[in-house]
Amino acid sequence: MTISETTKFASPKQLAERPLIWLGAITTGVVVTNLFAPQILVGLIGGSLGMAPWQAGLVSTLTLLGYALGLLLLVPLVDLVENRRLILRTLGCAILAALATALAPTPLLLLLATFVLGASCAAIQMVVPLVASMVAPERRGQVIGEVMSGLMIGILLSRPAASLIADLWSWRTYYVVSAGLMALLAGALGRYLPALQPTARASYRELLRSFPRLLREEPVLRVRAWTAALVMASFTAFWAAVALRLPDAPFALDIKGIAAFALIGVAGAAATPLAGRWGDKGWARPMFVAAHTLIIGSLALCAWAGVLESRNAALLVLSLGAILLDIGITTDQTLGRRAINLLRPEARGRINGLFVALFFIGGGVGAAAASVAWSYGGWTLVCAVAASFGALGLVTDLATRTGTS
């Protein structure tokens, strides 16, 4: 199967490279909030619609399941369909699904709408490689890092933003606001996004069937998806359990304090552009080692914070640990994306879909591991388990040089 592509920078209006990168970062940051906001809104949603606990739990689960399927079934279309049109149509579905969620009168319709919304959020993984394809390979890491900073900020802001909007108005208002912001961004993307027209000599079915072959033939994809899954497991393990730990001594935070603490992690997103630039300079290998070492050390700080007697000292140490943890995670994610986006241009959509789907699995493993660790050993064991994922990443760094050029 031979697939080639040409890039057409023909749009109604041309936008300079820097503003377009920022537009991509803002788009990914806004869209991704829809994936994580349900985790904070689920109680309000279930109560207003009279949902049983198991039904309410499906709100977040189906959103994330829809996203996973979107990665595997929609993102590969990047290799077949003109990219700007595909992104706009996928965003259009996300807008309609967000409005349907806001207006859903019954649990069944709400669950269906959130599933479609999650699948449509796969537009994120269409935007990132398209923006990255605009620049030369030697600058691709920097651009990916800048777009990824928007993604990470969106993930970290999603829960406090949803909580604030729901507190001021209602959970339905959050989805209306999300739909409005995505509509504004869709208009801007339609006006300024360049076209990328793949010329594929393969069917959609053949593209989907090529997933196993890509994993088999691309060791960079295998290794970088593996370490990305590991650090995502650390991320979800920490943030899934920290909300359970913060109400207790020595932290003693209320709901608003916990939401404010979540904002601290945004500082870690500042590392993404730097990581991308350093990767472009050939420093990817030492940066991977530093990132995974930082994850281990940051979680040791977080565990220590839990046994301090001074509230102020505990909050300071935990905050420092959270920032360093996010720096380590975003560094691995940015360098991993840079590595895979330097692989086959004709398979960019499938490679990105596979990469994100695999580290998405890591996030699920981390959340499950945190739940078990919290039950058996509390906060200290959660931190130890999360650090062990970073340790596996460090072992991988020492055992292979794959994807570090």
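Which residues lie nearest the centre of the largest pocket? Phe36, Gln39, Arg159, Trp239 and Ala240 do, out of 44 lining residues.

## Ground rules

This is a predicted model: local features need pLDDT of at least 70, side-chain atom pairs count only at pLDDT 80 or more, and totals for chains, interfaces and linings use all residues. Residues are numbered from 1 along each chain as its sequence is written, and side-chain values use heavy atoms, with hydrogens and water left out.

## The largest pocket

The largest pocket has a volume of about 1,100 Å³. A pocket here is an open set of points on a 1 Å grid over the protein atoms alone, where a 1.4 Å probe fits, with protein on both sides within 12 Å along at least five of seven lines; lining residues have an atom within 4 Å of a point. Volume is the space filled by probe spheres set on the points.

Helix 7 gives the most to this lining, with 9 residues. Others supplying at least two residues each include helix 1 (17-36), helix 2 and helix 16 (348-399). Helices are DSSP runs (H or I, at least four residues), numbered from the N terminus. By class, the lining has 32 nonpolar, 9 polar and 3 charged residues (Ala, Val, Leu, Ile, Met, Phe, Trp, Tyr, Cys and Pro count as nonpolar, Asp, Glu, Lys and Arg as charged, and the others, Gly among them, as polar).

## The second largest pocket

Of its 21 lining residues, Gly29, Val30, Thr33, Gly154 and Leu157 are the closest to the centre. Helix 1, helix 7 and helix 8 (171-192) each give two or more residues to the lining, and the largest share, 9 residues, comes from helix 7. No charged residues turn up in this lining, which has 14 nonpolar and 7 polar ones.

## Helix 7 meets helix 2

Back to helix 7 (residues 140-168): its axis comes within 8 Å of that of helix 2 (residues 38-49), and the two cross at roughly 30 degrees. The axes are lines fitted to C-alpha atoms over the stretch in contact, with angles from 0 to 180 degrees between N-to-C directions. Helix 2 and helix 7 are therefore roughly parallel (angles under 35 degrees).

On the helix 2 side, Gln39, Ile40, Leu41 and Leu44 meet Arg159, Ala162, Ser163 and Ala166 of helix 7; contact means heavy atoms within 4.5 Å. These contact residues split into 5 nonpolar, 2 polar and 1 charged. Gln39 and Arg159 are also among the residues nearest the centre of the largest pocket.

Terms used. Parallel < 35°, antiparallel > 145°, perpendicular 65-115°, else oblique.
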